[in-house]
Amino acid sequence: MTTGRNNGRLGRRASGFALALLFALAAAVPAFAGAAASPPRATTIVRANVSHPGDYLVVVSLPKASPPQTVDVYAGTQVQRGIQLQPWGGSELAFYLHLRGRIFHVRAVTTGKAVRFHIATRLQTPGTPPVTGATGATGATGTTGTTGTTGTTGTTGASGLTLLTAKHGAPYNTLVWSDEFNGPAGAPADPRNWTPDVGGGCGVGTLSTNTDRQANASLDGNGHLAISAIPDGSGGYTSAQLDSQYHFSFTYGRIEARINVPPGQGLCSAFWLLGDGATPVSPPCWPSCGEIDILEALGNDPNAAHAFLHGPMVGVPNYQQYVSGITAATPIAGGFHVYGVIWSPNSITWTLDGLPYSTATPKSLPSSARWAFNGHSFHVILDLAVGGWPGPPNSSTSFPARMSVDWIRVYQ
């Protein structure tokens, strides 16, 4: 339902015995006329259905707009205000709702013309989500879903490298590789899966140095990998970056990790894929072989998850080809959420808690960019940095800061 309102109507009533009142009303006209000239507000309301009551993630996808518009979006009892829609892009919004019935409404109030938007929902179950892929998108223009199965092929070389390649396209529902991070507290991450990197960071101005010390990356004894950023006593910080290169690489599939990223100014958490070189045991060839950032989370923006592609491109120093992300009405930092991508030939889709929110294809990239995500393997990286892109920490940031990973899984 779309409605528009234009307030500021002025009613006048003349009286032959009250000329002074007429002058007073005439003087008041400019103020009322000014109110009438303010931009109209258009409202779009969509009624959505779920299968049964429960806790749901609701993703609202807003379109790009020309001319630009500002939108307030209401879902259940939550609201996100001041969302900017631009000619070059819309916005993805997340709402975590407890629904007592099967019907709820989403309302978008804009400063311009009414917008059509899409709604997708996914039931949130405690603990480990089901192995199946995300299905069931409901919106103003209909429903979508996926079905089917797929298989895998894989080889394990003399070096211990596990290399998996999907036989067919998505969906990818067969678990082929995982790390559940089970083990005693203080033990290192499984060396058959991970090697600590000493490089890495979060861009120019990174204040942390990655080490191979177990104080910076180890199991917590409760089924989690803990990556910890710790002050080094001299104004800097130590942290860790774990890399599956030379241990595990894969080509196409669905990868997910259940992660709790820390809030706090100056903290930068990441879960990403880096393209292998000519062979999985050769050095990475960044940017030629590509980089898929599944999650970049800034501690000073605890409601947002950022997604990027990097690859060959002219005129951009960091070779950033594609930018996306999702913003929640409530903080997602400081709690466990499942971040993932579904990677197929010519398509990469990002997911939050099992629900897709953005897809890139070769047509999504600028004309000077080359799609570098077909036909070769990628390996997995997890890291926590201090400084760089989010700037330095301040007195409100708690240390040691910890990024906790419950599990990581690959399906093909």
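Predicted model: local features only at pLDDT ≥ 70, side-chain atom pairs only at ≥ 80, totals over all residues.
I count two residues as in contact when heavy atoms lie within 4.5 Å. Residues are numbered from 1 along each chain as its sequence is written, and side-chain values use heavy atoms, without hydrogens and water.

**Entry 1: Asn 210**

I looked up Asn 210 and found it in strand 15, residues 208-210. Strands here are DSSP runs of E with at least two residues, numbered from the N terminus. Is Asn 210 buried or exposed? Asn 210 has a relative accessible area of 7% and is buried. Buried means under 20% relative accessible area, exposed over 50%, and partly exposed in between, with a 1.4 Å probe and protein chains only.

I set aside neighbours within four places in sequence; the contacts of Asn 210 then include Asp 197, Gly 199, Ala 240 and Leu 384. The C-alpha atoms of Asn 210 and Gly 199 are 6.2 Å apart, and the two residues are 11 residues apart along the chain. The Asn 210 side chain reaches the backbone oxygen of Gly 199 at 2.4 Å. The Asn 210 side chain also reaches the backbone nitrogen of Ala 240, at 3.2 Å.

**Entry 2: disulfides**

I searched for cysteine sulfur atoms within 2.5 Å, the rule for a disulfide. How many disulfides does the rule give? The count is 2.

In one of them, Cys 202 and Cys 268 have their sulfur atoms 2.1 Å apart. Cys 202 is in the loop between strand 14 (195-197) and strand 15, and Cys 268 is in strand 21 (residues 267-275), so I note a link between distant parts of the chain, 66 residues apart. The torsion about this S-S bond is about 65°, so the disulfide is right-handed. Cys 202 is buried at 8%, and Cys 268 is buried at 3%.

Cys 285 and Cys 289 form a disulfide with sulfur atoms 1.7 Å apart. Their link is left-handed, with -80° about the S-S bond. Cys 285 is partly exposed at 25% relative accessibility, whereas Cys 289 is buried at 11%.

**Entry 3: charges over rings**

I checked for NZ of Lys or CZ of Arg within 6 Å of a ring centre and within 35 degrees of the ring normal, which counts as a charge over a ring. Arg 254 lies over the face of Tyr 411, 4.1 Å from the ring centre. Arg 409 has its charged end over the ring of Trp 407, at 3.9 Å from the centre.

Conventions. Helix = DSSP H or I, 4+ residues; strand = E, 2+ residues; numbered from the N terminus. Polar contact = N/O pair within 3.5 Å; in protein donor to acceptor, adjacent residues only side chain to side chain.
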